[in-house]
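Please open the structure in a viewer and keep the selection tool at hand.

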Amino acid sequence: AKEDDRRHVAVFESFMSQRVDQHVSIESGLRQAIAQNQLNVLYQPQIDVASGRITAMEALIRWRHPTLGTISPLDFIPVAEQTGSIIPISQWLLRTACQDMLRWPGGSESGTRLAVNLSPVQLEHADFVKDTLRILHEVGFPPHRLEFEITEHLLMRDLESVVTILRKLSAHGITFAVDDFGTGYSSLSYLQRLPIHTLKIDQSFVRSLQEGREEGHLVGAIVSMGRSLGLKIVAEGVETQAQLDMLRRLKCNEMQGYLFSRPQAALDLSGEAVERWRS
Ligand code: C2E
Ligand code: CA
Ligand code: CA
Ligand code: CA
């Protein structure tokens, strides 16, 4: 047992030092990532299953690191938030995603919207509103086709200042979705104070539906509450036909997930997986 302990400690220490090394190379590497063309954006459609129409495309960032390979946003976004590089990275992403959407055949005439994830750190940046509007203007992207996805964690910060910023952008036509809905916040009163347009039901609910841990009462309640507030409801992480069927029964008709399409590069957006769902 003593031997085992020592071996575990050694394994753990080497694991930790790798993590630290990785953290350091992520931190220094992020600064060059934009300039060296290592960032790219993938897109995943949101489908209205009643009509088969693509209602929105969510932009999901990727980083192709020269030595570490592709790094998940779950690993580098927190570092970017700590070091402040989240600001230029998010600006780069917004510009790139808007340009991709404008070039996407079938995007503009159908009014398909662009969904972009927002970091709480961006809202603390004094020029966030000004910079966002400037980028949309420079690229020629209509603000009403942009939807920012925020998480409920954001609202646990300073709700008053969040209200002010979201209303300013909303006045220009930009809409907001609550991402990972149902996982973060206990009070729902914010739904009336903020210009929220969409609720995205977290994929954990979708999964527990199929596994029978949830008979649909919870998801059904979210759908009917959202409806009564005039909100659009999107289910995330839909992977199986069974989940699709259950969600439809619960009157949730907009979905995103591997069942329809994995996140894919802009050039592939007119590929088969997406085409199949386009009306
Ligand atoms: P999210 O916003 O909740 O995005 C959904 C995540 O679920 C994505 O992971 C997506 O690839 C994945 N996903 C989609 N469909 C399915 C499915 O059917 N099954 C399963 N198991 N997963 C599915 P991804 O791309 O790794 O992004 C992870 C998170 O990183 C995102 O979660 C978001 O919070 C953050 N993120 C991604 N791009 C950006 C960005 O540009 N800016 C910021 N601030 N955060 C970002
Ligand atoms: Ca999201
Ligand atoms: Ca989500
Ligand atoms: Ca998430």
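Which residue has a polar backbone atom 2.8 Å from an oxygen atom of ligand 1? The residue is Tyr 258. A polar contact is a pair of N or O atoms within 3.5 Å; within protein, one must be able to donate a hydrogen and the other to accept it, and residues adjacent in sequence count only if both atoms are side-chain atoms.

Before continuing, please note that this is a predicted model, in which local features need pLDDT of at least 70, side-chain atom pairs count only at pLDDT 80 or more, and totals for chains, interfaces and linings use all residues. Residues are numbered from 1 along each chain as its sequence is written, chains are lettered from A and ligands numbered from 1 in the order in which they are written, and side-chain values use heavy atoms, with hydrogens and water left out.

**First stop: ligand 1**

Select Ile 61, where a polar backbone atom lies 3.2 Å from a nitrogen atom of ligand 1. Next select Glu 58: an N or O atom of its side chain is 3.3 Å from an oxygen atom of ligand 1. Taken alone, ligand 1 exposes 810 Å², of which the protein buries 83% (accessible areas come from the Shrake-Rupley method with a 1.4 Å probe; for residues, only the protein chains shown count as cover).

Now display the whole shell of 21 residues around ligand 1, in which Gln 44, Arg 62, Asp 179, Glu 239 and Tyr 258 come nearest (a residue is near a molecule or strand if one of its heavy atoms lies within 4 Å of it). The shell consists of nine nonpolar, six polar and six charged residues (Ala, Val, Leu, Ile, Met, Phe, Trp, Tyr, Cys and Pro count as nonpolar, Asp, Glu, Lys and Arg as charged, and the others, Gly among them, as polar). Strand β2 supplies the largest share of this shell, four residues (helices, H or I, at least four residues, and strands, E, at least two, are DSSP runs, numbered from the N terminus).

**Second stop: the calcium ions**

Select ligand 2, a calcium ion coordinated by Glu 58 (OE), Asn 117 (OD1), Glu 149 (OE) and Asp 179 (OD), at 2.1 to 2.4 Å. Donors are N, O and S atoms within 2.8 Å of the metal (3.2 Å for Na, K and Ca); water is not among the atoms, so sites may look incomplete.

Which residue bridges ligand 2 and the calcium ion that is ligand 3? Asp 179 does, and these two ions lie 4.1 Å apart. Asp 179 in strand β6 and Glu 236 in the loop between β8 (232-235) and α10 (241-249) link distant parts of the chain, 57 residues apart.

Finally, select Asp 180, which is in strand β6. Asp 180 coordinates both ligand 3 and the calcium ion that is ligand 4, and these ions are 3.7 Å apart. The donor distances from Asp 180 (OD) to ligand 4 are 2.8 to 3.0 Å.
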